[in-house]
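The sequence and coordinates are shown below.

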Amino acid sequence: MFSLPLFAALIATCGNRDTARISLTVEGAPDSTEVVVSRLAMNEIQVLDTVYTSKGKAECEVAVAPDSPEFVYMTYGRGNTVSLLLLEGEHVHVSADIAFSGAVVEGSAESALMQRVDSTVRAFNSAFDSLSLLLTEATESKDVDEASAISRELGAMFVKYKQDAIKYVYTHPRSMSVIPLLYQKTSGGVPVFGQATDAILMERVYDTLKTVYPASPYLVSLADEVSLRRNALEMQNRIAAAEEVDFPEIVLSDVNGRQQSLTSLKGKVIVLMFWDASNVEQRVYNSDLKILYDRYHDRGLEIYQVGLNSDKTAWAMQVKEQGLPWISVCDPSAGTSVAAMLYNVSKLPAMYIISRDGSIQSRDVFDMNLLQTEIQRLL
């Protein structure tokens with residue numbers, strides 16, 4: 001079974017559900033072998049039913065959402081799990097054995113693909129875990145050459161597996177069976193698709209599947225993951241583009257819609273501040289900050305203030321009403337703000353003081369006397 005992330009809008013809340021039938025044959029299973037039927041729902045695996053084998057066979061019906069395959073699992077024996085992708089109205093025949101050397105599925109094209117994915121993943125995990133164990137033994141015995149050779153083999157295996165997984169995704173663009181691959185992790189918790197650049201592949205998967213299964217709740221989570229990866233990728237690109245300065249770049253729009261670059265201010269003493277325009281205390285603080293700005297702006301002080309507000313119109317009104325003379329920009333993405341992540345902003349307000357040479361000198365100096373002293377020192 002795959003470990004997928006939390007889904008925000010899920011099947012447990014869907015109405016108008018139809019059913020799919022499952023006929024299971026487990027070779028070698030004693031009578032009354034317990035088979036737990038579950039599905040991926042909300043933030044958990046939800047148990048739907050428990051059935052018992054008779055002469056190695058068991059049957060059940062499950063409610064499934066319309067117009068989209070649903071991840072359903074049948075678990076028996078010592079945690080042996082058959083993963084299915086069921087559509088409404090399907091009658092699926094599953095053949096397996098009590099030792100679970102694999103499963104054969106008929107009557108569901110998506111479920112048959114899931115068996116192929118499951119088999120490939122199990123083979124990779126087994127080989128990867130075996131090599132990992134050998135690497136641990138070699139490391140503990142201080143056999144440097146052996147450990148180095150195994151480490152290279154592990155790396156090559158991982159790369160080859162990811163290449164094969166990518167090939168599967170590209171050759172099955174309209175199958176929901178690709179989604180578990182995108183979230184797969186090794187037993188050590190290393191995600192196969194853990195790089196920010198994997199957002200490009202995830203986005204392609206999302207765009208294609210959205211045209212096939214527009215109502216699928218599974219795509220809600222995938223869209224969120226794509227957004228997070230895109231933000232991470234954008235962060236990497238911004239950091240790479242800002243190699244000539246010590247502080248990460250921010251480019252956001254001001255109240256007039258003009259793009260304002262933070263790094264264009266290098267050579268000045270910069271007060272970079274993140275704030276919430278809806279907070280009264282933070283608006284009051286701007287009044288005191290204006291005094292310092294008026295006093296030292298002509299000597300080389302600049303303020304770049306980032307409003308983290310989802311309501312951009314309300315932010316713009318506050319900037320205009322207060323007559324803020326410095327660079328005021330807004331990041332309406334708020335909780336997922338790339339700018340805030342770049343500067344590790346965990347609460348508001350947040351402040352950074354950047355010297356003329358582009359190095360961050362201090363953080364969160366909100367006391368006006370101390371802030372003035374720091375600005376005087378750097379000018």
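In this predicted model, Asn-344 counts as exposed, with a relative accessibility of 56%. Asn-344 has a positive phi of about 55 degrees, although it is not a glycine, and is found in the loop between α8 and β14. The loop between α8 (338–342) and β14 (350–354) is also the place of Pro-349. The peptide bond leading from Leu-348 to Pro-349 is cis, with omega near -5 degrees.

A positive phi, near 55 degrees, occurs in Lys-55 as well, again a residue other than glycine. Lys-55 lies in the loop between β3 (44–52) and β4 and is exposed, with a relative accessible area of 73%. As background, most residues other than glycine have a negative phi, and most peptide bonds are trans.

Strand β4 spans residues 57–64; the covered face consists of Ala-58, Cys-60, Val-62 and Val-64, and the uncovered face of Lys-57, Glu-59, Glu-61 and Ala-63. Strand β1 (residues 18–27) pairs with β4 in the antiparallel sense over eight bridges. In β4, Ala-58 stands opposite Leu-24.

| Residue | Relative accessible area | Class |
|---|---|---|
| Cys-60 | 8% | buried |
| Cys-330 | 1% | buried |

Cys-60 is classed as buried because its relative accessible area of 8% is under the 20% cut-off. A search of the whole structure finds zero disulfides.

Methods: Residues are numbered from 1 along each chain as its sequence is written. This is a predicted model: local features need pLDDT of at least 70, side-chain atom pairs count only at pLDDT 80 or more; totals for chains, interfaces and linings use all residues. Side-chain values use heavy atoms; hydrogens and water are left out. A disulfide is a pair of cysteine sulfur atoms within 2.5 Å. Buried means under 20% relative accessible area, exposed over 50%, partly exposed in between (1.4 Å probe, protein chains only). Helices (H or I, at least four residues) and strands (E, at least two) are DSSP runs, numbered from the N terminus. Two strands pair if DSSP finds at least two bridges between them.
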